[in-house]
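Thanks for coming. I will take a few minutes to walk through one structure, starting with a sheet and ending with a single side chain.

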Amino acid sequence: ICSLAKVALENNYCQPKLVDEKVIQLRKSRHPVIEKLENSFVANDLILMPEEMIIITGANMSGKSTLQRQVALTVLMAQMGSYVPAEEAVLGIVDRIFTRVGASDDLSSGQSTFMLEMTETAAILNNATPNSLIILDEIGRGTSTFDGVSIAWSVAEHIYHQIKAKTLFSTHYHVLNKLAEKFSKIKNYNLAAKEIKGEIIFLYKLVEGSADQSFGVHVAKLAGLPYQVIQRAEEIQTILEKDDEMIRRIKAKKLEEQRSLDGF
């Protein structure tokens, strides 16, 4: 208790207001660990009402995972009796916090990264309740695009219709933003980034609406991939984005390959 009080004073935490309603309302929310590691941490507001789901898109490295984690940590800290890293926090009690984040495998027991991802997702869907908080980060990324999108979409629909838990769902599948057009309690938000003369500036600010780019090639450039690889990737990306015919050919080839396997 003394440690929590000391940290709260030193880092300007606020006293959370706990309410009966199933809500999460945060003003100027921060990540308690990352704000100590960065010179300037961008605080964000977030409102998640009962049964709501927020689809979060945005560039790689834009802060999607950080935002999700800080919300979960804030809820956890409040329920253990701590002040929380925000200017204001109104929180309903949750029974459990379910998370599906990161990538890992267990090859010794024959479980791939995708198999573990699906196992963790199954545990969430089979155990979460309307009083839970669900954090999903990049569901479906360990398989083909069509499979991944289909699974992610179906998982989102199941949570919305059957579980009705407050959910933060980050994804690079921008097509999932269409869920907000179908369901009134699904909202689209993104972590803003600006592109200036070919360079990306991450603003780390949560804004309403959907992102239409992930800037993966730019992140690859930051990581130090050779210049020739980056230049060629940009060329290929331009071709792929313009050439819808290529996608149709890929689909046709996939169908042909499946037919050729009928005898096996």
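In which sense do strand S4 and S9 pair, and over how many bridges? Strand S4, residues 53–58, pairs with S9 in the parallel sense, and six bridges connect them. For a specific pair, take Ile55: its bridge partner in S9 is Asn188. Please keep in mind that this is a predicted model.

Now the other pairing of S9. Strand S9 covers residues 186–196, and seven bridges join it to S10, with the two strands running antiparallel. Two of the residue pairs can be named. Asn190 has Val207 in S10 as its bridge partner, and Glu195 has Ile200 in S10.

What is the order of its six strands? The order is S6-S7-S8-S4-S9-S10, the sheet is open, and its pairing is mixed. At the edges are strand S6, residues 97–100, and strand S10, residues 199–208, each of which pairs on one side only. On average, neighbouring strands of this sheet are turned by 15° against each other, direction ignored.

Some totals for the protein. It has nine helices and 10 strands. Of its 264 residues, 38% are buried. The exposed surface comes to about 15,200 Å², and carbon and sulfur atoms supply 54% of that. As for contacts between residues at least 6 apart in sequence, 68% join residues at least 24 apart.

The last item is Gln70, which lies in helix H3, residues 64–79. Is Gln70 buried or exposed? Its relative accessible area is 2%, and the cut-off for buried is under 20%, so Gln70 counts as buried. What does the side chain of Gln70 reach? It reaches the backbone oxygen of Ser29, at 3.2 Å.

Terms used
Residues are numbered from 1 along each chain as its sequence is written. This is a predicted model: local features need pLDDT of at least 70, side-chain atom pairs count only at pLDDT 80 or more; totals for chains, interfaces and linings use all residues. Side-chain values use heavy atoms; hydrogens and water are left out. Two strands pair if DSSP finds at least two bridges between them. Helices (H or I, at least four residues) and strands (E, at least two) are DSSP runs, numbered from the N terminus. Axes are lines fitted to C-alpha atoms, for helices over the stretch in contact, and angles run from 0 to 180 degrees between N-to-C directions. Buried means under 20% relative accessible area, exposed over 50%, partly exposed in between (1.4 Å probe, protein chains only). Contact means heavy atoms within 4.5 Å. Accessible areas come from the Shrake-Rupley method with a 1.4 Å probe; for residues, only the protein chains shown count as cover. A polar contact is a pair of N or O atoms within 3.5 Å; within protein, one must be able to donate a hydrogen and the other to accept it, and residues adjacent in sequence count only if both atoms are side-chain atoms.
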